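Please look through the sequence and the model shown below before reading on. The report that follows moves from the whole chain to a few individual places in it.

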Amino acid sequence: MTGWDGWTPLPRPGARTTVEVLRAPEPPLPAPPDRRSPDVVLRPGGRAHVTFRLHAPGAQAVALAASGWWQPQRPEACDLSPRPDGWWQGTFDVPDDWEASYRFLVHDGGHDGRQEPGWWTHGLRDPGAPGRADPLNPHGHGAGRGLASSALWLPGTGERPWLAGFGDTSAVPRRLPTSDDEPRAWWWAPERPVGDPLPLLVLLDGEAHAERLGTARVLADAVASGVLPPVAVVLVASGPDRAGVLGVPGGVARWVGEVLVPRVRRERLGGRRVDADPRRTVVAGSSFGGLSALFAVARFPEALGAAVAQSPSLWRYPAGALVEPLARVAPRVRLRLQAGRYEGPAASEELARALVLRGADVSSQVVTGGHDWAWWVPRTVEAVADLLA
């Protein structure tokens, strides 16, 4: 493929990958029941038994919906078992480095109390499956209501006290002035000014980081604990046309390289100077944002010298399409690719292998998780810390 204008995204693949969900013996229900869930017991050989509990009186069925486990090989593999006094419990045998967001689905039996849980038919990501005809449940009755999502990081991933504020949006980053025809953006930097210019991190899908994930709080705690060096961060929104501006060679990737990075180097961020060295400038994104991070360094290596691409949606273009563009800038950029075990990491690993053969500074990491912010946020912090060390 030659010329950035000729890159037309392909349709999203329709295949749905199943995953084997392993169960473990159920421990006794505590008396009184322990409302703290989950309980983790580390096992030999890099495994863990994790017990989830939910108090759901009157429910007909309850399931654990964990990121990446949307299509278990057995439809009921993620179901919890009824216990006394309205409690439900399930214990799972998992790798001890599992990182996942999860929620519970509760099925009330539908209008006649006799219907099967919708997730047995449609999977756990979208158990009601709006828009899909289900002859057994045409109106979606009893499809399952989801309870609030939480995140889980097992001890095998190491101590991360700086993650305690994950999801805390009280530390709101400041808005970066942009014109009406530009993406919305926010910025964050340590409160204490530092004498030397700060390295720059550009985070894509900025509205998720600013408004839902509390990433500014995580960054502040990571800097305060010494995990991450002081860094200036700009969070760039994808806006309502996310698929049109992310995961394409233009859109946000082009604006970041052509406009944003030169502007913040020239105008500073709240009086803080930004390092002009491209090797001290990292762009990071997940999913379509991961693909845009790769496009940004491929197009603008003079501005962006490193990229963290998590779960990049490489399926949008023919296999191997990014090898040549990234190989051309290999002497000038560093790439860190990451993908979840439960989403299928093969494409990222193949891209990394091809680029290593072309002399690129690239690594590929498989994380025990799905397509999921629960690991995207902490792994971004750790990858950026490594790139800026």
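## Contacts and overall form

In this predicted model, 79% of the contacts between residues at least 6 apart in sequence join residues that are at least 24 apart. The secondary structure of the protein consists of nine helices and 17 strands.

Taken along its principal axes, the C-alpha trace spans about 65 × 45 × 45 Å.

## Surface and charge

Of the 389 residues, 53% count as buried. The accessible surface of the protein amounts to about 17,500 Å², and carbon and sulfur atoms account for 51% of that area.

The charged side chains comprise 42 positive and 42 negative ones, and the centres of these two sets lie 3 Å apart.

## The eight-stranded sheet

Eight strands form an open sheet with mixed pairing, and their order across it is β10-β11-β13-β12-β14-β15-β16-β17. The edges are taken by β10 (174-175) and β17 (361-367), each of which has a single partner strand, so one side of each is left without a neighbour in the sheet.

Within this sheet, β15 and β16 (residues 334-340) run parallel and are joined by five bridges.

## Two residues with positive phi

Ser311 is not a glycine, yet its phi is positive, near 45 degrees. The residue lies in the loop that runs between β15 (306-310) and α7 (323-328). With a relative accessible area of 4%, Ser311 falls under the 20% limit and is therefore buried.

Asp205 likewise is a residue other than glycine with a positive phi, in this case about 55 degrees. Its place is the loop between β12 (200-204) and α2 (206-213). Is Asp205 buried or exposed? At 5% relative accessibility, Asp205 counts as buried.

## A cis peptide bond

The peptide bond that leads from Ala31 to Pro32 is cis, and its omega is near -5 degrees. Pro32 is found in the loop between β1 (22-23) and β2 (39-43).

How values were computed
Residues numbered from 1 in each chain as written. Predicted model: local features only at pLDDT ≥ 70, side-chain atom pairs only at ≥ 80, totals over all residues. Heavy atoms only, no water. Helix = DSSP H or I, 4+ residues; strand = E, 2+ residues; numbered from the N terminus. Buried < 20%, exposed > 50% of the residue type's maximum accessible area, 1.4 Å probe, protein only. Contact = heavy atoms within 4.5 Å. Areas by Shrake-Rupley, 256 points an atom, 1.4 Å probe, with all protein chains shown as cover. Lys, Arg positive; Asp, Glu negative; His and termini not counted. Charge placed at Lys NZ, Arg CZ, Asp CG, Glu CD. Pairing = 2+ DSSP bridges.
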